Number of protein chains: 2
Amino acid sequence: MNIERVKSQMRKGVLEYCILSIISKDEVYASDILQTLKDAKLIVVEGTLYPLLTRLKNDGLLNYRWEESTSGPPRKYYGLTEMGQKFLIEMDSTWQELVDAVSHTTSKTKKK
Amino acid sequence: MNIERVKSQMRKGVLEYCILSIISKDEVYASDILQTLKDAKLIVVEGTLYPLLTRLKNDGLLNYRWEESTSGPPRKYYGLTEMGQKFLIEMDSTWQELVDAVSHTTSKTKKK
DNA sequence: TCCCAGTACTTTGCATTACAAGGTATTATA
DNA sequence: TATAATACCTTGTAATGCAAAGTACTGGGA
């Protein structure tokens with residue numbers, strides 16, 4: 001048991017939420033997402049992100065278009081589907097409820 | 001993909017944190033913990049909680065003492081070890097950092 | 001032309017763990 | 001003795017983050 005494992009565990013739950021949110025703001029491709037998450041100190045690696053994007057796409061929350069790049073292979077630019085937008089709104093509340101629940105549970109007041 | 005699965009995923013990461021926090025406030029046994037979590041709308045079932053308590057105990061964050069009950073089998077009352085207390089403090093920051101990271105990532109402002 | 005570096009996307013295998021479901025043990029009551 | 005209530009424990013499954021390795025496209029230099 002170490003604090004890194006805990007951090008990783010906590011990240012897990014919010015990854016999809018953050019990724020959908022990032023995509024909702026801008027059409028982006030995988031490396032953009034990695035960079036944005038890294039800027040926010042949410043460390044994620046390729047092996048995590050790609051399968052997750054594929055999953056979200058298969059679930060109908062995302063779609064993408066190929067775009068040629070001048071410096072390498074073509075990129076997949078992702079965007080939210082209508083369903084993805086609705087889902088994101090639900091996730092907003094879900095996250096907020098969790099934050100409230102945690103702050104309730106961890107408040108300093110003793111019960112009893 | 002459904003919102004329930006997402007909720008469950010988000011819960012995962014904070015369960016240990018919440019449980020340590022609950023135990024830090026009071027010596028409690030499993031049913032107390034379940035009730036407290038339920039009150040905070042963090043749904044957890046026995047099959048989740050017991051293995052988790054055992055894990056935290058094996059990691060040296062918790063200890064317990066048996067106490068006779070007047071209405072059934074004896075109960076395990078859990079308390080935090082010194083190490084558990086230190087760990088809880090680290091988890092406080094970890095959680096706060098995550099909340100900040102998420103709010104940063106999901107803020108409405110477009111980058112670019 | 002052939003190789004190499006850089007970029008981007010994909011796949012495989014593993015370890016962790018929440019949960020459902022069922023099991024064991026103790027006590028009180030009928 | 002049953003039965004019910006309470007409490008703790010175990011097993012099997014599915015999901016999934018991550019490390020590591022693989023595939024594929026582009027452009028520049030020998």
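How many residues does the contact take from chain B and from chain A? The contact takes 45 residues from chain B and 45 residues from chain A, where contact means heavy atoms within 4.5 Å. Before we look further, a word on the ground rules: this is a predicted model, in which local features need pLDDT of at least 70 and side-chain atom pairs count only at pLDDT 80 or more, while totals for chains, interfaces and linings use all residues. Residues are numbered from 1 along each chain as its sequence is written, chains are lettered from A in the order in which they are written, and side-chain values use heavy atoms, with hydrogens and water left out.

The size of an interface is often given as the accessible area lost when the parts come together. Here chain B and chain A bury about 4,200 Å² between them, with 66% of it on carbon and sulfur atoms; buried area is the accessible area (1.4 Å probe) that two parts lose on being put together, summed over both.

Now for the charged partners. Two salt bridges are counted between chain B and chain A, a salt bridge being a side-chain nitrogen of Lys or Arg within 4 Å of a carboxyl oxygen of Asp or Glu. In one salt bridge, the side chain of B:Glu16 meets that of A:Arg5 (3.2 Å, N to O). On the side of chain B that touches chain A, the elements giving two or more residues are helix 1 (3-25), helix 2 (30-39) and helix 4 (82-105) of chain B; helices (H or I, at least four residues) are DSSP runs, numbered from the N terminus. Helix 1 of chain B provides the largest share of that side, 16 residues.

Let us stay with chain B and see how two of these helices pack. Helix 1 and helix 2 of chain B pack at an angle of about 115°, and their axes are 11 Å apart; axes are lines fitted to C-alpha atoms, for helices over the stretch in contact, and angles run from 0 to 180 degrees between N-to-C directions. From helix 1 of chain B, B:Leu15, B:Cys18, B:Ile19, B:Ile22 and B:Ile23 meet B:Ile33, B:Thr36 and B:Leu37 in helix 2 of chain B.

Finally, over all chains the structure holds 11 salt bridges. A:Glu4 and A:Lys7 also meet through their side chains in a salt bridge (4.0 Å, N to O). Both A:Glu4 and A:Lys7 lie in helix 1 (residues 3-25) of chain A, three residues apart, about one turn of the helix.
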